[in-house]
Amino acid sequence: MERVEQEVTTERRTREERRAADRRTVDRREVDLGGYERDQLHDMLSAMLLSRRFEEKCAQSYQMGLIGGFCHLYIGQEAVAVGGIHALRDDDYVFTAYRDHAQAIVRGIEPRAVMAELYGRVDGCSKGAGGSMHMFGRDVNFMGGHGIVGTHLPLAAGVGYAIRYRGGDQVVLCYFGDSVVNGGPFHEAFNMVAKWNLPVINVVENNSYGMGTDIERVAAVDQLVSRACAYEGMHSERIDGQDVLAMHAAVAEAAERARGAEGRPTFIEAITYRYLGHSMSDAAHGTYRTKEEVQAERKNDPIATFSDRLMEAELLAREEYDEINQAAIDAVEDAAEFAENSPHPEPSAAYDNLYADEFRGGLDRRDAWR
Ligand SMILES: Cc1ncc(C[n+]2csc(CCOP(=O)(O)OP(=O)(O)O)c2C)c(N)n1
Ligand SMILES: [Mg+2]
């Protein structure tokens with residue numbers, strides 16, 4: 001038998017080639033500024049600046065030892081949260097992973113309560129018991145803040161199911177990172193969302209990396225959005241996540257598609273980038289990515305590109321930008337002062353919310369687990 005020698009060559013593009021291709025192949029949404037009120041545009045800018053200034057303060061407080069545990073910053077990705085959440089109604093729901101401070105604030109949790117949570121204090125939105133990764137705001141339908149990769153997708157599907165079951169017309173916006181698309185919960189949740197036409201808008205924030213692993217090394221697909229083809233009826237779209245208006249338009253359309261009895265789910269891949277390390281304990285570059293790469297990505301800063309565009313269109317004056325930025329700085333300083341003055345929880349609070357009352361059966365809470 002003739003033996004054919006076959007050389008296996010896996011053609012790998014360089015990161016630069018792939019990134020350039022990524023940006024070219026997004027669904028270009030040249031969103032017309034004319035479709036927006038000036039106030040609405042300023043609100044989006046204000047939310048992005050508040051997120052940015054808030055997280056810069058987090059970095060400072062973390063380095064001063066005021067924040068313990070893990071702390072993952074969102075700097076660079078603000079347009080994804082702001083565009084998406086600003087396209088929702090107040091009674092819609094939002095889920096996200098552990099990179100959650102910006103989403104929590106943009107959804108309406110007070111910066112004071114988010115900062116106090118980071119500081120582990122009683123006035124935190126989770127009473128100081130959750131910390132950085134576990135923001136929660138029931139009154140604004142912000143359903144977390146989830147630390148375990150991918151496990152909030154089935155929860156978001158569950159809320160979508162509850163909405164259908166009760167005959168409501170709200171939608172669920174669920175954010176997650178690129179490493180999620182290779183895990184079981186992603187496929188389980190997507191299958192249910194598509195099969196039952198649940199009003200869920202899933203958004204993968206493709207920042208290219210899961211910790212220090214380049215997505216291209218671990219995903220058996222070129223474009224993450226193509227995963228949606230396995231789920232009939234699911235609309236899918238790949239957009240520039242650094243463009244707040246593209247994000248806003250995509251989620252607004254997705255919400256429209258999802259509401260009502262015949263609603264359809266959507267999967268959005270937002271091409272974005274985080275400028276800092278995976279968490280506060282990681283360097284921004286040096287091991288898995290180069291300084292040049294980060295610098296090149298920073299040229300596409302979502303806040304700078306948006307404010308430049310507004311100024312060029314004479315929809316924002318330099319003084320207005322300064323005022324909005326100063327208001328963000330003031331809110332963040334106020335939040336940090338508030339957090340520092342908020343008390344630590346009593347040690348006994350560690351036993352709160354562990355057992356339902358019936359289960360405790362009258363036992364002292366300290367006896368319940370013995
Ligand atoms: C099930 C599970 N496995 C591993 C981890 C450890 N871990 C924390 S973050 C992370 C990478 C996640 O990357 P990605 O989903 O791309 O989100 P990003 O950090 O880029 O926002 C991993 C593997 C975890 N939290 N949960
Ligand atoms: Mg990632």
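Select strands S6 (residues 235-240) and S7 (residues 266-271): they pair in the parallel sense over 6 bridges. Strands here are DSSP runs of E with at least two residues, helices are runs of H or I with at least four, and both are numbered from the N terminus; two strands pair if DSSP finds at least two bridges between them. The model is predicted: local features need pLDDT of at least 70, side-chain atom pairs count only at pLDDT 80 or more, and totals for chains, interfaces and linings use all residues. Residues are numbered from 1 along each chain as its sequence is written, while chains are lettered from A and ligands numbered from 1 in the order in which they are written.

Next, display the whole open sheet, whose 5 strands follow the order S1-S2-S3-S7-S6 with parallel pairing. At its edges lie S1 (93-95) and S6, each pairing on one side only.

Move to S2 (residues 172-177) and S3 (residues 200-206), which run parallel and are joined by 6 bridges. Here tyrosine 175 has valine 203 in S3 as its bridge partner.

Now select ligand 1. Which residues come nearest to ligand 1? Of the 13 residues around it (C-beta atom, placed from the backbone, within 6 Å), these are Val149, Gly177, Asp178, Ser179 and Gly210. The shell comprises 5 nonpolar residues (Ala, Val, Leu, Ile, Met, Phe, Trp, Tyr, Cys and Pro), 2 charged (Asp, Glu, Lys and Arg) and 6 polar (the others, Gly among them).
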